[in-house]
Amino acid sequence: MGDHFAQAEHGTIPALRWEEPPEGPVLVLLDQTRLPQEEVEIVCTDVQALVQAIRSLSLRGAPLLGIAGAYGVALAAARGYDVNDAAELLAHARPTAVNLEYGVRRALTAFRDAPPHQGPAAALAQARSLHAQDAAASTAMAGYGSQLLAELVTGGGYRILTHCNTGALVSGGEGTALGVVLAVHRAGELRRLWVDETRPLLQGSRLTAYEAARAEMPYTLLADSAAGSLFTAGEVDAVLVGADRIAADGSTANKVGSYPLAVIARYHNVPFIVVAPTTTVDLSTPDGASIEVEHRAGSEVTDLAPTPLGTQAYNPAFDVTPPELITAIVTENGVVSPVTAAALSAVCAAGPGDVKG
Ligand code: MRU
């Protein structure tokens, strides 16, 4: 029995699902490293396999990491592994997306607080609840994001630039930034989606282009370094990106290359909009400098093209955009604009629909 949630309704293979075959529960992941050439699934029977999938980016993107973390705890519990050890391993599989630790802690707390022998069921219920909550957050963010675009951009239809991959592949629903793009596309208002290649791992050209093509969006791929000339040509109405961690002051860590886009967008007076659920906001991280940025193997850069033997590479997976460069943060509870610590904390405390923005 699988849980397909919202993605299946729209023809997208679910990024992750829980199954219970006779041999015991498993977590089934769509291997994102093989897309778009092949839709291949990975079947995880233990937490080690899940951690490996997370580190290799077979499963990636902040909201999905949180959901996977919660299911990982449920998997360890259901299969009789040491749940505390499993939780520790999972929570630190990657350091930047705060959703991962959030999902792990949520399922772990449910496991620990459950009556005797009911821990595994409680952890699974928590994972399912987070999965469904994230699907609902996607829908709400798509609504708020669409309204915001209507307020900020005039002239009929939007030309949106996006970076990395933020759609159904990283969510319990239709995604964060790409979920908003999908909503305006369905409303007939998307003139063009500009898709940054997103070097070095090419989440844009491999994954966002895959999702955009499936949804029949008008999209065009560009090398990351071509974005500046696109702004100069007046071809961008708004930049929409996701987030891996938003600090209490609104500083936002997202895929490396987001910060330069925010700088260029400000120079050209184009809105730079972050779309993220409140599970990505970490009020215990005070500012951007306190966000741990993952650094990955230099070979991810040097393997892209022939380089002289021994070449070293600088390969941060994320960069941090300061709040003053962010026009708005769109959450499932409403829109934060201007981005201030007080407004961000209020949106986190509010329930869906409580904040108009
Ligand atoms: O290294 P990745 O591919 O996991 O990075 C993902 C991103 O930076 C996304 O933009 C972010 O997680 C938001 S996903 C809704």
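## Largest cavity: lining and position

In this predicted model, the residues that line the largest cavity divide into seven nonpolar, seven polar and four charged. The lining comprises 18 residues, and those that lie nearest the centre of the cavity are Arg60, Gly61, Ala62, Asn165 and Asp244. Two elements give two or more residues to this lining, namely helix H3 (62–78) and strand S9 (252–255).

The volume of the largest cavity is about 170 Å³, and the structure holds three cavities of 30 Å³ or more.

## Second largest cavity

The second largest cavity has a volume of about 70 Å³. Its lining is formed by Pro63, Gly66, Ile67, Asn99, Tyr102, Leu130, Gln133, Asp134, Ala137, Pro277, Thr279 and Glu332. The elements that contribute two or more residues to this lining are H3, helix H5 (98–113) and helix H6 (119–152), and of the elements H6 gives the most, with four residues.

By class, six of the residues lining the second largest cavity are nonpolar, four are polar and two are charged. At least three residues of this lining come from each of domain 1 (3–132) and domain 2 (141–349).

## Largest pocket

The space in the largest pocket amounts to about 250 Å³. This pocket is lined by 13 residues, of which Tyr102, Gln133, Thr278, Thr279 and Glu332 lie nearest its centre; Tyr102, Gln133, Thr279 and Glu332 are also found in the lining of the second largest cavity.

Which element gives the most to the lining of the largest pocket? That element is H6, with four residues, while H5 and H6 each supply at least two residues of the lining. Since domain 1 (3–132) and domain 2 (141–349) both give residues to the lining of the largest pocket, the pocket lies between them.

Notes:
Residues are numbered from 1 along each chain as its sequence is written. This is a predicted model: local features need pLDDT of at least 70, side-chain atom pairs count only at pLDDT 80 or more; totals for chains, interfaces and linings use all residues. Side-chain values use heavy atoms; hydrogens and water are left out. On a 1 Å grid over the protein atoms alone, a cavity is a set of points where a 1.4 Å probe fits but cannot get out, and a pocket is an open set with protein on both sides within 12 Å along at least five of seven lines; lining residues have an atom within 4 Å of a point. Grid points are joined across faces, edges and corners, and a volume is the space filled by probe spheres set on the points. Ala, Val, Leu, Ile, Met, Phe, Trp, Tyr, Cys and Pro count as nonpolar, Asp, Glu, Lys and Arg as charged, and the others, Gly among them, as polar. Domain bounds come from an automatic or database domain assignment.
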